[in-house]
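Please have the sequence and the model open while reading.

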Amino acid sequence: MAIVMFVDETTAGDRSDGWGLEIAEERLTVRELIRRRVFQEVAEYNARTPQVFQGLVQPTNAERVLNGFALRTPRRIDPEVQTELALRAFAGNGFLLLVGDRQVTDPEEEIELALGAEVTFLKLVALVGG
């Protein structure tokens, strides 16, 4: 069992400290890796229900705030719906996925999760004026 480190970065240069997730398998598809990340962050949100959801993608009926997304009406987030939003964002280049220093683009690609693997979710930030 390995701990995979998830790190969020933006093209503006922001980088999170990251957080670890235990994954028993040595190989996973990109789709499954995204699903597990989303399920973990949704489970943590639903267990505490804080004011702000800090996740990979914006839930429906939420607005972007300084450190995440504020839900207009407090509620539990559905991990399946959130996973679909994340997979659509990945397909539409809402974020890039780097495993180690290699970009992966196919959700069906199997990736090897070496001990201490770092997975970076590079969120693309729109340029001002263009």
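## Basis

This is a predicted model, in which local features need pLDDT of at least 70 and side-chain atom pairs count only at pLDDT 80 or more, while totals for chains, interfaces and linings use all residues. Residues are numbered from 1 along each chain as its sequence is written, and side-chain values use heavy atoms, with hydrogens and water left out.

Strands of a sheet pair through backbone hydrogen bonds, either parallel or antiparallel. Strands here are DSSP runs of E with at least two residues, helices are runs of H or I with at least four residues, and both are numbered from the N terminus. Two strands count as paired if DSSP finds at least two bridges between them.

Strand β10 (residues 118-123) pairs in the parallel sense with β1 (residues 2-10), over six bridges. Within this pair, Phe6 has Val119 as its bridge partner. Strand β7 (residues 95-99) runs antiparallel to β10 and is joined to it by five bridges. Here Leu97 stands opposite Phe121.

## A three-stranded sheet

Three strands form an open sheet in the order β4-β6-β5, with antiparallel pairing. Its edge strands, β4 and β5, each pair on one side only.

Four bridges join β5 to β6 (residues 68-71).

## Two loop residues

Thr49 lies in the loop between α1 (30-48) and β4 (52-53). Its phi is positive, about 45°, although Thr49 is not a glycine. Thr49 counts as partly exposed because its relative accessibility is 38%, where buried means under 20%, exposed over 50% and partly exposed in between, with a 1.4 Å probe and protein chains only.

Asn61 is in the loop between β4 and β5 (62-65). Asn61 is not a glycine either, yet has a positive phi of about 55°.
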